[in-house]
Amino acid sequence: MTLLSFIAGLVALVLGAELLVRGASRLALTFGISPLVVGLTIVAFGTSAPEAAVSVGAVLNGTGNIAIGNVVGSNIFNVLFILGLSALVTPLVVNMQLIRQEVPIMIGASLLLLVLAMDERLDAFDGGLLFALLLAYTVFLIRQSRTASQAAQDSYKEQFEPPSHSGLSERLPVQLLLIAAGLGLLILGSDWLVSAAVNFAKLLGVSDLIIGLTIVAAGTSMPEVATSVMAALKGERDIAVGNVVGSSTFNILGCLGLSALVTGETGLAVPASVLNFDIWVMCAVALACLPVFLTGREIARWEGGVFLLYYGAYVTYLALAAQQHAALAPFSSAMLSFIIPITVVTLVVSLIQPPRR
């Protein structure tokens, strides 16, 4: 029953996010909002709706560790697994706007979370600050889109504008119904998924934090996986990369911002293990994007393979640490003294080479 509840919750989250994005996109276009703005805001944030629903639901259910683990784990999963898998499908050319603007914003959000979590708690003020920054970021994107080139407008218009002929999706009641159905499925799915995650933690004898960092994080990131891999297969490489970067920023500012706000005066506790290890990994992964993206403005297949290797190593470390396995010490030593230094040297050499065409 626990497995069925988890699967049902995951399906409800993915379907709810799809309905929410579809309804909100059509509604925005009906009221004349720019297709570019729709793509940068509603569609990008919609793929992160499962993370937001699960994180807020976990806080309301008294399992705040899942909320923290879900966001931190999702960001690590987004960059290492999703970008790694997408780059293996096809090398990903990175737009300069991502390098100059979106990636630094993602890095800044990650470092801000690290600073705010230093006291091992995210209170309502911290949540309000994070959410206010999300609103400011959204307003910034809207204003920036007004000066976007006509080519960019046409690109997003082709993807998100409804067909010219009459259809059900163009009718206002249908759009509102899609949004309501999407929100309802997100709420229901988050409840099922969080309950199943807690039961998994009890059955496996590990903490709900570990479940949040791994199973829940991967599960709620399925919309990003589908979006980025399909975009890579279709040759839309900017979307594949931009989806991951934008989602990671929203996870921190939106998901944790809302989660901390709904806790009220108690605040959202940040486990010491997350503060001492997982948040640092999340920041390191975000920082690693810059040299990788700058090596010829492309994520090569070998770099995608390295990303996947590191995600496997991260999950292995969590599993060994949870069981206090004897192999934990030699595994950590091998990573710190051999694997990581070799990767750093390789990236530095790639960075100083002439850019690839």
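Guide: Let's start in the middle. The largest nonpolar core has 93 residues, and Leu83, Leu122, Ile279, Phe293 and Ile299 touch the most other members. A nonpolar core here is a set of buried Ala, Val, Leu, Ile, Met, Phe, Trp, Tyr and Cys residues joined through side-chain atoms within 4.5 Å. Helix 4 (residues 64–89) gives the largest share of this core, 12 residues. Helices (H or I, at least four residues) and strands (E, at least two) are DSSP runs, numbered from the N terminus.

Before going on, a word on the ground rules. This is a predicted model, where local features need pLDDT of at least 70 and side-chain atom pairs count only at pLDDT 80 or more, while totals for chains, interfaces and linings use all residues. Residues are numbered from 1 along each chain as its sequence is written, and side-chain values use heavy atoms, with hydrogens and water left out.

Now pick out Phe293. Setting aside neighbours within four places in sequence, Phe293 is in contact (heavy atoms within 4.5 Å) with Leu83, Val94, Ile99, Val103, Val241, Val245, Glu298 and Ile299.

Ile279 takes us to another spot, as one of the residues that Leu114 contacts; the others beyond four places in sequence are Leu275, Trp280 and Cys283. Leu114 sits in helix 5 (residues 96–116) and is buried, at 7% relative accessible area; buried means under 20%, exposed over 50%, partly exposed in between (1.4 Å probe, protein chains only). The C-alpha atoms of Leu114 and Cys283 are 8.1 Å apart, though 169 residues separate the two along the chain.

On to helix packing. Helix 9 (residues 208–220) and helix 8 (residues 172–204) have axes that come within 9 Å and cross at roughly 135°. Axes are lines fitted to C-alpha atoms, for helices over the stretch in contact, and angles run from 0 to 180 degrees between N-to-C directions. Leu193, Ala197, Phe200, Ala201 and Leu204 of helix 8 meet Asp208, Ile211, Val216 and Thr220 of helix 9.

Helix 9 also packs against helix 13 (residues 301–323), at about 160° with axes 11 Å apart. Here Ile210, Leu213 and Thr214 of helix 9 touch Tyr314, Leu318 and Ala322 of helix 13.

Where pLDDT is low, the predicted coordinates should not be read in detail.
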